[in-house]
Structure formats: structure tokens, C-alpha cells
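Here is a short walk through the packing of one predicted model. Keep the structure open as you read.

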Amino acid sequence: MSSTPPPTTRTLVIAGDIGGTSSRLVLAPLAGAIVAEAEGPGANLRSSGTDALDNIARTAEEVLARGRRELGHDGELAAVALGISGAGPARAAEVRRAVGERLAGLGIGEERILITDDLHTAFLSGGVGDDGLLVLAGTGAVAVRFQEREAVARRDGMGWLLGDIGSAVWLGRRTLEAVAADLDGRGPHTRLTEEVGEMLGLDLRGGQNPPSPTGDPRQDLIRALDEQLPAGAPAALGRFARLPGNIAEDPVAGEILDLAIRHVLETVQALDPGAGLPVVLAGSALTGPGPFHDAVTAALRSQGRSFRAAPTGLPGALLLARERAATLLP
């Protein structure tokens, strides 16, 4: 009896969900279950810097090695499909070229690579068909109406400087702005100050326990953020995103959270006034447990809208990888 694996297991594809903060790649046969996974840092060109794209090649190399060990053979890599945050129309050509150059080092030809933005893969992961809305709030935030898998209308997704309202970066930035205003006397007292101080190991309120490193809690905050938030990588602001939801009863925290919730609901209404399209919710800030998720889903339910969560874009990326492979195989 031959020990040669059947073609369906020897022909492999890689699918990837590449966010601004983290990435996850899987290796799978043309049909059947995933055989290997690998996680790595994020790779959004706009929020994590150009060098972040190097992470994709390292993670792809890792998932290939793991999969081949698991299968006991090298197999044939037929296609790669990656949904990459920041690979929208503004930077699509640049991202495709840069990723192709990096994957070429692994012997993966450009013709086998499909690069799209993480919005397409997130929407397809919802399993609602080819028409509907995607509302994503992860490191960034955007809403898109899809028709026959094509994005036909879009709101926000403008990046951390110009928008991304409700994203982890936006929530983190608004949190830190509120704390700075509290410390400086420009804004109201908020418990967010204590919460941020605890995360940073500082007594921002009194500067006593532990003692203030600079003698001024405002300068302590600046110094700590300089040390902990890499220059040119605003995605790191997302580490503070959960704080408003943790203390939603605090008026300042509640206001930040309410603005994010209202923005999502207004966006859904603007893109689908008739409430006839299914909604796919994606991104860690929106699909994770907490008052943001609870308020949005409760409102959608009360409006009679159908919705599904897509915590990861991997199912959509895997679908695209297998479709790409089918077009290339004889």
C-alpha cells in the first residue's frame, strides 16, 4: 500500500488575519481541518510602521514549519490569502508589493498571493452571504456595506489621526486625554486617572504611593507613556481601551463609551436605513465581552436587525485562499 498522502492533503494553503496589534496565520489543506497555526505581532503599515510587514514573513515561515512537521511532508503550497489591516485602497499597491517581496524569500511566488484588507476577510467570516454590513472596531474602526462581496459604501476607517471612532486606539487615546485633563485641571475628576496610574505603576493622584519619580504626576504620566508607547506606533494606545468599559459608571468614562456606541449605531443606520441587511460585527473592541458589545448588540436586536459576530477574519481568509488555489491548480 502506498504511503503517499492524497492530493487533498498534499496541496496546502495559508490564510492570515493580520491586524494592527497582532496577527494569526493558519495552514490547511484544500479541504479539511486546519493543521497548524502561528501567531505574531501586528502589521498595519499605517499604525505600526513599515518594518511591521517583516512580521508577516516570519509568521508565515513559522506556520509552514509547524504544518510540515505535523503532516510529515512538505506538500505543495498552492495559495496564500491575507487580510491585512491598512491594506485598503490608499496603500493597497504598496502593501501588496512589500508583502510579495517578503514572501518571495520563502519561495512563494507573487501569482500565488492574494492580498486584501481585513475588512473583506472579516465580512466573509460572518457567513451572511455576499451582501451585508461590516462594522469593525479593533485597533482601527470602520463600517462597510458590501454588495456581491464588493465594498460599495464606507464610513470612517480614516486612521487614528483622522477618525477610527470606537476603535481600541481611539478609546485608549480618549482615556489618556481625559486623564491628562484631570491632572491638569482642564477637565473633570475621573476614576480613569487611578485606573491608568495602576496600569503604569504610578500614583497619579497623590504622587505618594509609590513616590512620584519626577515630583509632578503630570510629568510622571508623560514620562511613562514615552517609555511604554513606541514612537510611530499608535496601535499601542489600544492597551488602555478596556478602561472606560471597566468603570462605565464614572461620568467621564461613560461619556467616552457612549460616544463610541452612538457612533456605531448611527453608522449602521446611515449605511442601511431600511434595516434590511445582515450586520457582521468584528474587531476585539466590539466583539469582546463588555458594555460596548452589550449596548450595540442590544440596540441592533431592538431594531430588528440580524447580526453575527466574526471575532477573527481567518474563516474568510481561508475561503479566499482555497478559491485562489482552485483557480491556479490544473
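The largest nonpolar core holds 47 residues. Within this core, Leu192, Val196, Phe292 and Val296 touch the most other members. Helix H10 supplies the largest share of the core, 10 residues. In soluble globular proteins, nonpolar side chains tend to be buried together.

Take Val196. Leaving aside residues up to four places away in sequence, Val196 touches Thr175, Leu176, Val179, Leu204, Leu221, Phe240 and Leu243. Another core lies apart from the largest one.

Now follow H10 to its helix contacts. Start with H12, which spans residues 291–302. The axes of H10 and H12 come within 10 Å and cross at roughly 35 degrees. The crossing is right-handed. From H10, the contact uses Leu257, Ala260, Ile261, Val264, Leu265 and Val268. H12 answers with Pro291, Phe292, Ala295, Val296, Ala299 and Leu300. By class, this contact has 12 nonpolar residues, no polar and no charged ones.

Next comes H6, residues 168–184. The axes of H6 and H10 (residues 251–271) come within 11 Å. How are the two helices oriented to each other? They cross at roughly 150 degrees. Angles over 145 degrees count as roughly antiparallel, so H6 and H10 are roughly antiparallel to each other. This crossing, too, is right-handed.

On the H6 side, the contact involves Trp170, Leu171, Arg174, Thr175 and Ala178. They meet Val252, Ile256, Leu259 and Ala260 in H10. The residues of this contact divide into seven nonpolar, one polar and one charged.

Definitions and conventions:
Residues numbered from 1 in each chain as written. Predicted model: local features only at pLDDT ≥ 70, side-chain atom pairs only at ≥ 80, totals over all residues. Heavy atoms only, no water. Axes fitted to C-alpha atoms, helices over the stretch in contact; angles between N-to-C directions. Helix = DSSP H or I, 4+ residues; strand = E, 2+ residues; numbered from the N terminus. Parallel < 35°, antiparallel > 145°, perpendicular 65-115°, else oblique. Left-handed = near helix turned anticlockwise from the far one by under 90°. Contact = heavy atoms within 4.5 Å. Nonpolar A, V, L, I, M, F, W, Y, C, P; charged D, E, K, R; others polar. Core = buried A, V, L, I, M, F, W, Y, C linked by side-chain atoms within 4.5 Å. Buried < 20%, exposed > 50% of the residue type's maximum accessible area, 1.4 Å probe, protein only.
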